[in-house]
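Me: I'd like to go through this structure with you. Can we start with how the chains meet?

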Amino acid sequence: MSITLKALKKSPWVFHVNTGACNNCDIEILDCLTPRFDIERFGIVLVGSIRHADVLLISGPVTKNTLPRLIRLYEQAPKPIKVIVVGACGCSCGIFRDGYNIVGPVDKYLPVDAYVPGCPPKPEAIIAGVVKVLNTLG
Amino acid sequence: MVKKVPIGPYHPILEEPEFFELHVEGERVVGIDITIGWSHRGIELLSEHKTWDQVPFLVERICGICSCSHPYAYVKAVEDLLGIEVPLRAQYLRAITAELERLHSHLLWTGLAGHFMGYNTVFMWTWKFREPVLDVLEAVTGNRNHYAMLKVGGVRRDIPQEEIPNVIKMLDELEKNNAMLTNAILDDPVIHARTKGVGVLPWDKCREYGALGPTARAGGYDIDARRDHPIDAYDKLDFNVILCENGDVFDKVVVRQLENFESIKIIRQALKAIEDTETGDIGVEVKEVPAGEGIGIYEAPRGEVLHYVRSDGGNMPIRHKVRAPSFNNILTNEYSVLGSTVADAGLITAAVDPCYSCTERMGFVDTRTGERKVLTEEELIKLSVEKTERIRKEISQGKRLRKS
Amino acid sequence: MDKEEVKKRIAERFGEKVRIGERSPERVYVYAENEIWVDLADFIFNELDARFDTGACVDDRDGVEVMFFFPFDKEHYYLTIKTFARKPNPELDSISNVIIGAKWIEREIFEMYEVNFRNHPDLRPVLRADTRPKDFYPAKREVKDDHEPPRRRDDGEERADEVFGKPPKGKNP
């Protein structure tokens with residue numbers, strides 16, 4: 001295992017991007033940071049800039065407006081970056097799949113490491129998703 | 001010299017993308033250009049391809065926080081078209097779900113306002129107090145968010161009798177916590193200095209822009225759809241409409257905090273009503289929807305939601321128009337942000353409780369040289385935090401008068 | 001203001017140009033001709049002191065039915081004003097010079113249904129300002145039929161193959 005991956009595993013920094021979700025997944029992600037779940041005690045921190053991030057959390061179906069921004073964010077991210085999709089919309093577009101402004105689920109455009117289905121997934125599920133991704137690093 | 005400051009469209013801590021372009025002269029904001037539509041999913045068009053019973057599931061996914069208000073307005077629109085009355089027990093159950101949602105939404109926003117000001121204690125506290133509300137919602141409806149509680153003609157689930165004491169216990173604790181939080185906010189001189197007189201929106205401007213909900217009520221504009229256009233059980237429930245007069249950010253916080261007490265009051269009354277009746281119908285069956293049109297209104301946490309449906313007698317609406325309160329409220333930023341400083345702009349745009357309060361990335365563009373300086377959202381919050389720290393220091397040194 | 005008085009005053013002021021109906025005690029409708037559209041909105045908002053709520057429209061074969069909602073909060077009823085912009089090229093005077101709050105909703109109606117609002121201060125699409133193809137009005141009756149058909153049922157399987165069968169598109173070290 002390279003030194004970067006080892007460091008990543010100890011304290012993954014997470015950047016969160018909404019590509020057109022209904023807010024619920026975003027709130028549940030934020031909920032993970034607040035006293036009941038408090039993932040910061042495991043070293044998981046939500047950061048304000050993609051350039052500091054190790055993990056990219058994406059929620060929502062990709063709309064035509066956000067697609068170019070999503071791709072640009074991914075390009076700006078320092079590699080290696082792990083991509084986790086939160087919520088049914090990001091996994092499969094969910095209820096919005098026939099919308100005229102929806103261009104598809106996230107995995108059509110980016111390589112995805114983990115899917116956390118649910119509408120919205122509970123904070124426990126989101127934490128489990130992040131942990132599972134970290135376990136794949138060995 | 002006017003500079004342009006883009007804010008958005010991505011913002012790391014929360015919610016939907018949103019884009020503001022501030023026009024600044026030095027530190028002062030002289031204009032704003034707002035771009036919306038980043039998460040435009042075409043729900044109104046999708047809804048024309050769903051049956052009457054499927055639409056509530058779609059509309060509750062318009063916004064995760066208002067996931068009872070939108071279905072409520074929709075079912076009221078269809079019931080307005082049909083001209084039916086739902087059973088009494090269902091009316092109270094609807095009111096309980098909707099008011100629980102209001103509690104969690106207002107607490108969520110107060111926490112975020114604290115975060116924007118650099119008061120992470122407020123943020124952590126309110127979100128801690130919010131968790132029991134979500135637990136109760138899960139026990140009552142089956143999910144923490146997206147309750148799927150409402151259907152045309154009634155509700156889907158009943159509250160089990162043995163669950164009611166738990167809800168009341170939660171309300172008692174929340175009332176205590178909310179009182180503590182409200183007092184803490186009202187007493188804090190730094191919050192006073194940071195929010196009073198910031199982002200003022202007087203009531204005549206509220207009327208012109210069509211502002212709604214707490215944004216309008218903070219400016220003294222006396223509207224509340226629950227009282228003005230009473231639906232279901234709301235004319236049997238006793239509650240007050242909270243009004244402030246100044247319309248600044250401080251008043252918006254106060255209105256929301258005090259509304260929490262009213263919501264607790266409403267839930268108590270509704271729980272008592274369903275406890276007394278014990279059992280009863282929770283829905284009427286709707287077989288078909290005749291041709292016609294209906295308007296449904298409900299007061300969501302952010303303001304009045306309006307749904308308009310048109311039917312041609314088939315099994316799907318031929319037109320479904322949704323007006324979310326943020327649509328009008330965000331437009332008011334055009335007025336309220338003028339004359340403020342860049343450090344306050346994030347707070348003001350967030351103060352209308354938009355379904356997106358975007359301050360992710362700011363860039364200063366010099367219009368003459370085209371030179372660009374990009375600020376991350378962290379730096380923007382840092383600007384805001386620095387201002388709070390400065391004020392705190394001044395207060396401790398006695399430079400500012402302490403307001404009692 | 002009282003409902004009967006509002007109806008009387010509108011009828012007095014506009015006479016033949018409006019038709020007033022009532023569906024239920026809380027829903028009043030005023031059908032207006034195109035030319036008095038702005039005057040009517042102005043009259044209701046400024047003189048009758050209603051609150052401006054929002055607008056909506058329904059696409060029809062012959063034109064677009066545009067409506068605006070004006071609630072009277074103290075008396076608990078909704079007044080809806082309606083007019084009909086004829087096709088082709090539906091056009092209407094903009095009320096956003098009278099009521100600022102109508103600015104965005106008119107922009108949205110323009111974007112979705114191609115109703116041109118004359119004298120609008122800033123008639124740009126509001127929702128999809130940068131990615132929208134030119135002359136694309138998604139909610140128009142004529143366009144709706146040409147929509148991309150809903151994706152096929154087996155679409156999900158194909159996508160699953162894409163993910164699991166073939167190597168993913170990006171490359172992680």
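Reply: Two residues are in contact if their C-beta atoms, placed from the backbone, lie within 7 Å. By that rule, the contact takes 23 residues from chain B and 23 residues from chain C. This is a predicted model: local features need pLDDT of at least 70, side-chain atom pairs count only at pLDDT 80 or more, and totals for chains, interfaces and linings use all residues. Residues are numbered from 1 along each chain as its sequence is written, while chains are lettered from A and ligands numbered from 1 in the order in which they are written.

Me: Which elements give two or more residues to the side of chain B that touches chain C?

Reply: Helix 8 (203-209), strand 7 (303-311), strand 8 (317-323) and helix 12 (325-331) of chain B. Helices (H or I, at least four residues) and strands (E, at least two) are DSSP runs, numbered from the N terminus. By class, that side has 9 nonpolar, 7 polar and 7 charged residues. Ala, Val, Leu, Ile, Met, Phe, Trp, Tyr, Cys and Pro count as nonpolar, Asp, Glu, Lys and Arg as charged, and the others, Gly among them, as polar.

Me: And how many residues of chain A are in contact with chain B?

Reply: 36 residues of chain A, with 36 residues of chain B. On the chain A side, strand 1 (13-18) and helix 2 (24-31) each supply at least two residues. Helix 2 of chain A gives the largest share, 5 residues. The classes on this side are 16 nonpolar, 14 polar and 6 charged.

Me: Switching to confidence. What is the mean pLDDT of chain A?

Reply: It is 85, and 98% of the residues of chain A reach 70 or more. pLDDT is the predictor's confidence in each residue, from 0 to 100. In chain A, the lowest confidence is in helix 1 (residues 3-10), at a mean of 73, and the highest is in strand 7, at 92.

Me: Is strand 5 of chain A buried or exposed?

Reply: 5 of the 5 residues of strand 5 (residues 82-86) of chain A are buried, so the strand is largely enclosed by the rest of the structure. Buried means 20 or more other C-beta atoms within 10 Å of a residue's own, exposed means 12 or fewer, and partly exposed is in between; C-beta atoms are placed from the backbone. Both faces are covered, with Lys82(A), Ile84(A) and Val86(A) on one side and Val83(A) and Val85(A) on the other.

Me: Which strands pair with strand 5 of chain A?

Reply: Strand 3 (residues 55-59) of chain A pairs with strand 5 in the parallel sense over 5 bridges. Val55(A) stands opposite Lys82(A) there. Strand 7 of chain A also pairs with strand 5 in the parallel sense, over 3 bridges. Tyr115(A) in strand 7 is the bridge partner of Val85(A). Pairing needs at least two bridges found by DSSP.

Me: Now the backbone. Where are the cis peptide bonds?

Reply: One joins Cys119(A) and Pro120(A), with omega about -10°. Pro120(A) lies in the loop between strand 7 (114-116) and helix 5 (123-136) of chain A. Another joins Lys87(C) and Pro88(C), with omega about -5°. Pro88(C) lies in the loop between strand 5 (77-86) and strand 6 (91-93) of chain C.

Me: What about phi of Asp38(A)?

Reply: Phi of Asp38(A) is near 45°, a positive value in a residue other than glycine. Most residues other than glycine have a negative phi. Asp38(A) has 13 C-beta neighbours inside 10 Å, so it counts as partly exposed.
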